[in-house]
Amino acid sequence: MTLPDELSARRLLSPAQTTTAVTALVALTTVMAVHALTGLGPPPLWWARAFVAAITTVYASALLFRAAMVLGAWNAEVIRFDDAPRPAELPAYTVLVPLYREAKVLPALLDRLAALDYPADRLQILLLIEADDEETRSALPPLRAPFEAVIIPPSHPRTKPKACNIGLTRTRGEFVVIYDAEDRPDPDQLRKAVLAFDSLPDRVVCVQAELQYWNPWTNWLTRCFAAEYATNFSLLLRGLDRHRMAIPLGGTSNHFRTDALRALGGWDPYNVTEDADLGIRIARRGWDVRMMASVTEEEANSRLGNWIRQRSRWIKGFMQTWLVHTRHPYRLWRQLGTQRTIAFHLTMGFPTLTTLANPIFWSLTALYLCTGTRHIEALYPPVLLYTGGITMIIGNFLMIYCMMAGCLERGLFPAVRTMLTIPLYWALMSLAAYKALAQLTIPTRRHHWELTDHGLVPHPPPSPDQTTPHKASA
């Protein structure tokens, strides 16, 4: 079970990517120097306008694609089990639970895992605990089957996917699933996954359950976070599923055929969003991921610093995944095809670029509103100015609409009006994106896994209308 080096994020850039980047930089510098000395070739202002036009095109493409996937989700054929029979024979199933400094939530986690509706003699639950995590190890009670503790030796990189790979070598189940420490999966989710695999062709090697947050009403941040998850898992991923695009997996509740996961080389221990990367590798192999009608509840981050750490890790991993899978563009196109290759860029790469570009264009917009066009007219000729303005207005409207649609789909009705303030949430995402970019450029921080604190909200507070949001009608 080995992952080819060309598919690993251990290196930031491949030799070909480095050569291409250096060549492009040298060529641009040469062209501008020639213009400065001789007046030949495009002036620097032309290049600046070209950059603005390119970013505007990227913006429009990413926004329209996301809106199309959300709108297409309404007719998506998500795998449902309302009247499905219970299988007479259940295969062996392994649950991998990576833990690090999770003593606070460990008792509740063990209770939830013990409540899974699956025969204990066919279930294996591996608690993956770092060797130097005395806090979690000391809080661990004596274990009985199906629980087993797997001690992860300290070695670089110190990441969740490395621990999961060690757990995968101990896996006895025909199927395997990942749960995080704060997860609350539907008790019958394993049975539903077995039914899903039984009803699907062998090329479907993973089914992804939907994730939602049980504490959307803690504060403004959790409302926005819950709406984002609702839009992503109840709409966007369903839309990708409907059109059979590559699905970037969520970090938990993804159920695999164990033999296929091993054939893929497991998870990339150097990628800090190993889940999204694995979803792309599945598609490149010619296999499929499907969305499953079962819900796992998680705790939404309610503290800003904790949220920034988590989000910067996610964005850093998206950057890693995009760079890894664009090392050989022609090979990527041959494996995915034209439509899925374009969808990959619109899902994994372009949104990250727009998140980084947002503060620049917000500043230019503020300058325009305060001083008029005189300070930006050189950069924005009339056609580009009006095109950019229309893109900004329509794009923001579409994204707010998508977030509201996610709230409605999940029954988060009081959060709908909160979506009018969602641009502030996007500003926080840009802050996290620049932190991610900074870490990516520092070798010692490139593969650093920033820990997310769990158990900040021990019990879900009531919603504003004294009702709890219904689970997705998947």
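Reader: Which residue in strand 8 is the bridge partner of proline 185?
Author: The bridge partner of proline 185 in strand 8 is threonine 296. Please keep in mind that this is a predicted model. Strand 5 and strand 8 (residues 288–298) run antiparallel and are joined by two bridges.

Reader: And what is the strand order of the open sheet?
Author: The order is 3-2-1-4-7-6-8-5, in an open sheet of eight strands with mixed pairing. Strand 3 (147–152) and strand 5 (184–185) are at the edges; each has a single partner strand, so one side of each lacks a neighbour in the sheet.

Reader: Which strands does helix 3 lie across?
Author: Helix 3 (residues 106–114) lies across strand 1 (93–99), strand 2 (123–130), strand 3 and strand 5. Its direction is at about 170° to strand 1.

Reader: In which sense does strand 6 pair with strand 8, parallel or antiparallel?
Author: Strand 6 and strand 8 pair in the parallel sense, over nine bridges. One of the pairs there is valine 207 with arginine 290 of strand 8. With strand 7 (residues 254–257), strand 6 pairs in the antiparallel sense over three bridges, and cysteine 206 has phenylalanine 256 of strand 7 as its bridge partner.

Reader: Where is glutamine 208 found, and is it buried or exposed?
Author: Glutamine 208 is in strand 6 (residues 204–213). Its relative accessible area is 0%, so it is buried.

Reader: What lies 3.1 Å from a polar atom of the glutamine 208 side chain?
Author: That is the backbone oxygen of threonine 252. Leaving aside neighbours within four places in sequence, the residues in contact with glutamine 208 include Phe233, Leu249, Asn254, Val289 and Met292.

Reader: A change of topic: at what angle do helix 7 and helix 14 pack?
Author: Helix 7 (residues 220–242) and helix 14 (residues 422–440) pack at about 85°, with their axes 11 Å apart. The two helices are therefore roughly perpendicular. Among the residues making the contact are Trp220 and Phe225 of helix 7 and Tyr425 and Leu428 of helix 14. By class, the contact has nine nonpolar, no polar and one charged residues.

Reader: And how far apart are the axes of helix 7 and helix 13?
Author: The axes of helix 7 and helix 13 (residues 382–410) are 8 Å apart, at an angle of about 85°. That angle makes helix 7 roughly perpendicular to helix 13. The contact includes Tyr229 and Arg238 of helix 7 and Met403 and Glu409 of helix 13. Its residues divide into 10 nonpolar, three polar and four charged.

Reader: Now some backbone details. What is omega for the cis peptide bond from histidine 156 to proline 157?
Author: Omega is near 0° for that bond, and proline 157 is in the loop between strand 3 and helix 5 (160–169). The peptide bond from alanine 145 to proline 146 is also cis, with omega near 15°. Proline 146 is in the loop between helix 4 (134–139) and strand 3.

Reader: Finally, what is phi for arginine 101, and where is that residue found?
Author: Phi of arginine 101 is positive, about 55°, although the residue is not a glycine. Arginine 101 is in the loop between strand 1 and helix 3, and is partly exposed with a relative accessible area of 46%. Arginine 244 has a positive phi near 55° and lies in the loop between helix 7 and strand 7. Its relative accessible area is 36%, so arginine 244 is partly exposed.

Conventions
Residues numbered from 1 in each chain as written. Predicted model: local features only at pLDDT ≥ 70, side-chain atom pairs only at ≥ 80, totals over all residues. Heavy atoms only, no water. Helix = DSSP H or I, 4+ residues; strand = E, 2+ residues; numbered from the N terminus. Buried < 20%, exposed > 50% of the residue type's maximum accessible area, 1.4 Å probe, protein only. Polar contact = N/O pair within 3.5 Å; in protein donor to acceptor, adjacent residues only side chain to side chain. Contact = heavy atoms within 4.5 Å. Pairing = 2+ DSSP bridges. Axes fitted to C-alpha atoms, helices over the stretch in contact; angles between N-to-C directions. Parallel < 35°, antiparallel > 145°, perpendicular 65-115°, else oblique. Nonpolar A, V, L, I, M, F, W, Y, C, P; charged D, E, K, R; others polar.
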